Amino acid sequence: MPRPREIPKINSVVVTYNGDKKSFEIFMESMILDYLNSCSIAKSEPPEFVGKVEKITKSA
C-alpha cells in the first residue's frame, strides 16, 4: 500500500528576474490576479467551436 502523499505548504518564494522593473511589476500583477481569480467563473463568454472549426455567425 503506497504512503499517502503530503502536499507541501509554501511559505515564501524567491524570484530572480533579468529585465526591467516595469515588466516585472506587470508580470507579478498578472500572476497575483490569476491566482486570486482561479476559483471564480469566467466573466466573458467562451468562444464557440464546432470540432476544431470556429463558429462564425456573421453572414457574407
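Predicted model: local features only at pLDDT ≥ 70, side-chain atom pairs only at ≥ 80, totals over all residues.
Which residues form a nonpolar patch on the surface? I10, V13, V15 and Y17 do.

View 1. Residues are numbered from 1 along each chain as its sequence is written, and side-chain values use heavy atoms, without hydrogens or water. The protein has one helix and two strands. Helices (H or I, at least four residues) and strands (E, at least two) are DSSP runs, numbered from the N terminus.

**View 2. Confidence along the protein.** pLDDT is the predictor's confidence in each residue, from 0 to 100. Its mean here is 76, and 68% of residues reach 70 or more. Strand β1 (residues 49-50) has the lowest confidence, with a mean of 58. Helix α1 has the highest, at 86.

**View 3. The nonpolar patch.** Its four members, I10, V13, V15 and Y17, together have about 430 Å² of accessible area (Shrake-Rupley method, 1.4 Å probe; for residues, only the protein chains shown count as cover). Nonpolar side chains (Val, Leu, Ile, Met, Phe, Trp, Tyr) are joined within 5 Å, like charges within 9 Å.

**View 4. I10 and Y17, before α1.** I10 is exposed, at 68% relative accessible area. Y17 is partly exposed, at 40%. Exposed means over 50%, buried under 20%, and partly exposed in between (1.4 Å probe, protein chains only). Y17 contacts S23 and F24 (heavy atoms within 4.5 Å), leaving out residues up to four places away in sequence.

Key:
Patch = residues over 30% accessible without salt bridge, like charges linked within 9 Å, V, L, I, M, F, W, Y side chains within 5 Å. Salt bridge = Lys/Arg side-chain N within 4 Å of Asp/Glu carboxyl O.
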